[in-house]
Every structure is written in C-alpha cells, then in structure tokens.
Amino acid sequence: MKKLAYTALVLLGIGSQASAFAANDTIRFGVDATYPPFEYKLPDGSVAGFEVDLGNAICEKMQKTCVWVPTNFDGLIPSLRVGKIDAIFSSLGISEKRKKVIDFSDRTWSGFSSMLSLTSKNLQPTAKSLKGKTVGVQQGTMQEDFAKIKLARHGVRVQSYQDQDQVYADLLNGRIDASLQDMTQAEVNFIRDGKHADFTNHKLVDKLLPSDSAIAIRKGDTEMATIINDGIKAIHADNTYLTIQRKYFGKLDLYNK
Amino acid sequence: MFELLETYWKPFLYFDGYSYSGVAVTLWLLIFSVIVGFALSIPLAVARNSKYKLISWSVGLFTTVFRGTPLYLQLLICYSGIYSLTFVQDQPFLNSFFRNGMSCTLLAFTLNTCAYMCEMFAGALKNVNAGEIEAAKAFGMSRFKTYRYIIFPAALKQSIPQYSNEVIILLHSTTIAFTATVPDILKIARDANSATYMTFQSFGIAAILYLMLSFILFYLFRRFERYYTAHLPRPPVTKSRLSTYFSFLNKKRTQ
Amino acid sequence: MQDLFSKALSLVDLGGYGHLILQGTWMTVKLSLLSFALAMIIGVGTALMKSSRSMPLNACATLYTTLIRGVPDLVLMLLIFYGVQNWVGQLTVALGLPFIYIDPFSAGVITLAFIYGAYFSETFRGALQSIPEGQKEAATAYGLSKGQSFRYVVFPQMMRFSLPGLSNVWQVIIKATALISIIGLDDLISAVVNAGKSTNQVFFFLIIAAGIFLIYSMLSNIAFALLKKHFQIGVKEAN
C-alpha cells in the first residue's frame, strides 16, 4: 500500500511539468498570449499569432530553437530581468520608460494606439471628452502609463485589468466607457473578427505612445541582440516577413508605415 | 526601495489620487463582510439546527455550496458571470449593482464568510449544555428569552477562537479583490511593480502590511476573549521553552 | 449504441471545450495532490522541530508558522514566483550551474506546500501530544532506536489522530489551488474562463467549474471516510 503510494507520487512528479534546464541554443521568448492576432492561445494550449510566427522564422534563420513562455503582461519585464526568459516578443512598444531598464532590438512593426468606444457615445480620446467616464487599460502597457498620466489627473477614471480579454469583456458589458490599446489589434480582433461594428476605433497619437514595437532583451545582452537583429534582417531579406504579414493582415502594411 | 516607499506610501495606506485604496479598502472589505456576514449567520445557524428537515437542509445546501467552492470562483461568478446574463443587464437596479466592482466583491465575501460562520455557530449552538436549556425551560423562559440569555452567550463564547480564525482567513482572502478592479493593498503593490519593476520590494511591502494587520487582529481578538470570559477561571498557562528564556522581558502579569 | 455514445460525448464536449476543461481539472488534481504530499512532509518535520528540546530549531519552526499565519497565500505565491526565481538564478550563476527555471506549476506546488506545511505542523503537533506517553516508553523498553520507534510506533498513531485535521486541510488546499490561475497556470478555472469568453457563456461555464469543485470535494470526503475506517482497525471507538 505504501509502496504504491510512493510510486504514484514519483510518477506524478515525473509526469507533471518539471522545471527545465537551459540549453545554449534555445531562445526563450516571453509572450502574453491574449492579444490576437499578434499572439493568442490555441484551444490545445499552444501559442500562435503574427509575432509567434515571426519569432519562429527568426529562430529558424538563426538555427536556434524557440521556446514560448506565456506570462502575464506586467510580469514580462521582471521575468526578463531575472533571467527567466531571454527575450520578449509581445507587442512591446519602444517607450522611454522601458528603454531605461531593458534594451530593444531593431523595429519589428509599427502601429498607433487607439481608443475603442461605442459610436453612439460620441467620445473623443481627450481628457475633456472623457471627464467623468471610465477608461479600461491592460496593466503594464504604455496605454496604461498614458492614461494614468494624461487622463487620470483630469477627472477620468482609469481601471487596469490583468489582460486585454478582460478589458474587452467589460467594454462590451458596459462597465467601462472606452478602452485604450494598440490600434491594429483593436481593428482586427475586436471590430473585424469580433464583429462589433457599433464601435469606433479612434486613433490616438501622443509622445507617450510610440508607434514602434520591437523585441526586448536584457540590458547589455549584446549576444542576443546580434542574434535577433540578424534574424530580423534575414526574414526581411527573403520576404518571409511579407508572407507572414499577408497571412494575418492581408494588404495592411505594418512595417513601412 | 525608499523611492518606492516615498511615491507609494499614500496609495498603500489610504488614497491613490482619485479613490480610496490600500489598507483603507482592505479594512473596509474585511469589516463590512465580517459584520454583515455575522449578522446574517445568526438566524441561518438557528435555522440549520431546526427540527424541520426542509429548513435545515436548505441552509445546509447553501453552506455546502459556498464552503465547497473556492472564494475566487465565487468572486468570478459575481463579477464576470452574473453581469454577463442579459436579464441582469436589463434591470436597472441589478445592472448598477453588479456593474460596480466593489459591490460584487462585497457580495461574494459576505456570502462566503456567512456560510462558514453559519456552520461554526450551528455547531456551537448544538454543543450548548443541555442542562442549562432544561433549567431555562423549568424557569418558564420563552424560547426567545432562552436563546437571548442562555444559548447565544454560551455559543458565542465557545466560538470566539474559531471566529478569530475565520476573520484572519478572510483578511488573507481579500487579496483576490484586485481581480475585480478593487484597489486594495495587493493591487497597489502590482501597480508599484508595474511602474518600477521592483518586484520583490513591492510585494514585500504588501506582505509586511498584511503581517501587521494579521497580528493586530489576532491581538485584538485575544483581548476580546479575555474580556468576554473574565468571569471564568483562567486555564493554566503552559510556557514554551522559548518564553522561559525571555521571561525576564515580561512585565508583571496579574494572574 | 453508437448513437447513445456519441450523444453522451457531445454532452461532455460542451461546445468543444470539454477536453480543455478535463485537462484543467487534471492539472488542479495534480497540483492539490502534490502540494498535499509535500506539505505533509514539511509538516511532520516542523512538528518534530517544534517539540524538540533545542532552542534554535524551536525558534526556526515558530518563526515559520508565525510568518505563514500573517502573510496571505496569494502574496506569498507572487513573491515565490518572482522572488525565489531571482535567488535561484543568482545561486546557479554563482555556482556555475545551468539555469533552473521555476514554472508556474512548480511555483504553485512549492508555495502551497510551504503554506500548508505550517497548518500540518499544528495538526501533527497536537496528534503527537495525544499519543499516550506509555507507547513511547514501551518502545524504548523494547530496545527500539529513536528512528525505529518513530517509524513503527509513533508515526502510525500520529496519522490516526491527525486524520480529521488532514481532511480539513485537504479541503482548504483544493480551494487554494484556484489561486494558481492568477499567476498564469492553465488549471480548471483558467480553462473555464477561456471557454466562457470564447463562447460568450461565461456564467454557464463558471457554474460547471463550481460543480466540478463540489464533486471533487464530495469524493474527497468519501475517500477520507474510507481512510478513517482503515486506520480505526483494531481500535475500539466509544460511541
């Protein structure tokens, strides 16, 4: 009876997700897979999306193995600094605040930020128009920083959520009047795929909302920087980038804005 | 570390710029749920011990469901689940109630703690000395009087340790409130972490705050228990080996 | 027959998410079993430390249980998930070992075991004290070493006395595993939330998760009742 219990325990321990040891030719990418079509989770639990495909293409060109580590968005940068992951490829905008603590690779794609709200509400992405209303953002994004600095101080209620899905859920059921996120993501995932035509996507331009996104690496990790930048150049050189972009966005051009 | 404290001491304690936050919100969640849960649990506990099986089993069903499922799941149901139902959104009162994150959280916490307190108190009610109840009947006390003067005081005295346990467990459970966008201590810690990337320090401050709150509550309950049982003989105090070494530090105690 | 089977399967399938929910349930079960086992080991060790005569061991154990009483589960989980990974990383760098990653599952198991080990230590300490002194004296009289007397005399009786406490803590652990979804593990709750979001039937799927937890809880009660019967063999119970 005891022996059975012990063997069962050992088998459980083996069968469970055991911690892995790092190999030198793997790149561990941290990703918050709740941002379709850039990164999302398939029903079987694996990650997929535009940036996942790009990352896999980079790894293929540089002959390394890609491992995708799903993490909460606001845990990405702490995980990177601690060494849990080697790079972040999760729609991370190149903001000044982030540049202070991590390094960025070459630009991967560009896109503006936007505010989503019901067309019938007639809201503009300004503090004056949103005064007294509630705006939802994902925790850790530069849209959250923008909202806290530019909007919250002028009488707008800012609510932070753990992931973008929760922001959209509360946007749909009316808990928040507007939400701030990446414009392309809102357009493709919420309005087009979600079929919410009664929402408007207002473009939002500001110093605090840079339009360029890139892959993030630890400060001073020049080896990884070289590998990734070479990979980016390689996928542009033979049009792999264009093929992947066409698969997700059709005619939209995210690189040459 | 000190810049973190300097920027965030106010949000951690009570105000983060446009709403109450931090310790103030956590204490509000705790105090409201404990008081309302306690008030609701008394009649429910009496019903739980009722001789009519239907009443007793209905309350039993309530406590089984709320004690058998995680509090986090109950919070999710109150916050995301109920609000997604169309008939809730159509009714103006329900709509405005469930729209507010704080009211959803308070509802979930209150129901949960009410279920636990009901079971505890029902057990204590059962264990009241049968002889005292018979004596009350012999004196001609009505049922209400018996409850008020004999049964409730005895049951309450017996369940103070369990209540103090439950309150501290509830304090620890308020940490999930941030998932319903309620700005409690942990939410401020996450905000601080998100802004400064100093993970260990932000969560460490939160841990210390919860530690202090737990100890204050524990101490308050001990004082209350001593006050409530002042008329009873004190149980013999067993000193641990550790305290005998530090006994010189103790002030004079009236035993 | 085939028709009936496919009908039953479509009920379980739940709009395509049945498989995912089963996976999540299995993850929750694994998590709770492993944490329980590890917590028991930590609990026995801590209980022994607390009843030992040496002051540093006693102080260590008391500090540990005091810490657990004061810090909430979720805060500890976040600290371990981010903080311990940092220390482990620095340690492995200092020792020149390859980097060891702590994934959400391991972080969850370590945290839950760490927390509930303290609860178990209280249970086991009480159980140790309830064992009649005469048993330990008889073991020494027979010439059993300390280790042997623990293994053959003290431990089985300690298990019998601590069974109600064990069952209580087990019920608490089942519910504490729900917090793991907050740090990102794909357990039952995150599976159910995903399913609800995708099919827009959040309430329905959450109720299903509640049902699964209730069933799990009831099965555990039955299992513990059977265990109690097993340990009561040879013991007369006063009715």
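Is Leu5(B) buried, partly exposed or exposed? At 32% relative accessibility, Leu5(B) counts as partly exposed. The legends below describe close-up views of a predicted model.

**Figure 1. Confidence of the predicted model.** The model scores ipTM 0.83 and pTM 0.84. Chain A has a mean pLDDT of 83, with 91% of its residues at 70 or more. Within chain A, residues 14–23 form a stretch where pLDDT stays under 50; for this stretch the model has 23 contacts beyond four places in sequence. Chain C averages a pLDDT of 83, and 88% of the residues score at least 70.

**Figure 2. Leu5(B) and Thr199(B).** Leu5(B) belongs to helix α1 of chain B. In sequence, Leu5(B) and Thr199(B) are 194 residues apart. In space, their C-alpha atoms are 13 Å apart.

**Figure 3. Helix α2 of chain B, its span and its bend.** The helix comprises 26 residues, 23–48. At 1.5 Å a residue, α2(B) should span 38 Å, and the 35 Å between its end C-alpha atoms agrees with that expectation. A bend of about 30° occurs at Ser41(B), and a proline, Pro43(B), follows within four residues. Ser41(B) is also one of the buried residues of this helix.

**Figure 4. Buried residues of helix α2 of chain B and their packing partners.** The buried residues of α2(B) include Val23(B), Val25(B), Thr26(B), Leu29(B), Leu30(B), Ser33(B) and Val34(B). Further along the helix, Gly37(B), Ser41(B), Ile42(B), Ala45(B) and Ala47(B) are buried as well. Within chain B, the buried residues of α2(B) pack against α1 (2–13), α3 (53–68), α7 (101–126), α9 (143–173), α10 (185–196) and α11 (199–228).

**Figure 5. Packing of α3(B) against α9(C).** Helix α9 of chain C covers residues 202–231. Its axis and that of α3(B) are 9 Å apart, and the two helices pack at an angle of about 100°. An angle of 65 to 115 degrees counts as roughly perpendicular, and α3(B) and α9(C) are therefore roughly perpendicular to each other. On the α3(B) side, the contact is made by Thr64(B), Val65(B) and Gly68(B); on the α9(C) side, Phe213(C), Leu214(C) and Ser217(C) take part.

**Figure 6. Packing of α11(B) against α3(C).** Helix α3 of chain C covers residues 55–70. The axes of α11(B) and α3(C) come within 8 Å and cross at roughly 95°. These two helices are therefore roughly perpendicular to each other. Tyr210(B), Leu211(B), Ser214(B), Phe215(B) and Phe218(B) make the contact from α11(B), while Thr66(C), Leu67(C), Arg69(C) and Gly70(C) make it from α3(C).

Figure 7. Most residues other than glycine have a negative phi, and most peptide bonds are trans. A cis peptide bond, with omega about 0°, joins Pro36(A) and Pro37(A). Pro37(A) is found in the loop between β2 (34–35) and β3 (39–41). Ser91(A), which is not a glycine, has a positive phi near 55° and sits in the loop between β6 (87–88) and α4 (96–99). With 13% relative accessibility, Ser91(A) counts as buried. Asn122(A), likewise not a glycine, has a positive phi of about 55° and lies in the loop between β8 (113–118) and α5 (127–130). With 64% relative accessibility, Asn122(A) counts as exposed.

**Figure 8. Ile182(C) and its contacts in three chains.** Ile182(C) is located in the loop between α7 (146–176) and α8 (188–199) of chain C. Its relative accessible area is 2%, and therefore Ile182(C) is buried. Beyond four places in sequence, Ile182(C) touches Asn72(A) and Gln162(A) in chain A, Tyr72(B), Ile176(B), Phe178(B) and Thr179(B) in chain B, and Leu74(C) in chain C. The C-alpha atoms of Ile182(C) and Leu78(C) are 9.3 Å apart, whereas in sequence the two residues are 104 residues apart.

**Figure 9. Overall organisation of chain C.** Chain C has nine helices and zero strands, so that from the N terminus on its elements run α-α-α-α-α-α-α-α-α. Of its 239 residues, 48% count as buried. Among contacts in chain C between residues at least 6 apart in sequence, 76% join residues at least 24 apart.

Key. Residues numbered from 1 in each chain as written. Chains lettered and ligands numbered in written order. Predicted model: local features only at pLDDT ≥ 70, side-chain atom pairs only at ≥ 80, totals over all residues. Heavy atoms only, no water. pLDDT = per-residue confidence, 0-100. Contact = heavy atoms within 4.5 Å. Expected span 1.5 Å × (residues − 1). Bend = angle between axes of the 7 residues up to and from the residue. Buried < 20%, exposed > 50% of the residue type's maximum accessible area, 1.4 Å probe, protein only. Axes fitted to C-alpha atoms, helices over the stretch in contact; angles between N-to-C directions. Parallel < 35°, antiparallel > 145°, perpendicular 65-115°, else oblique.
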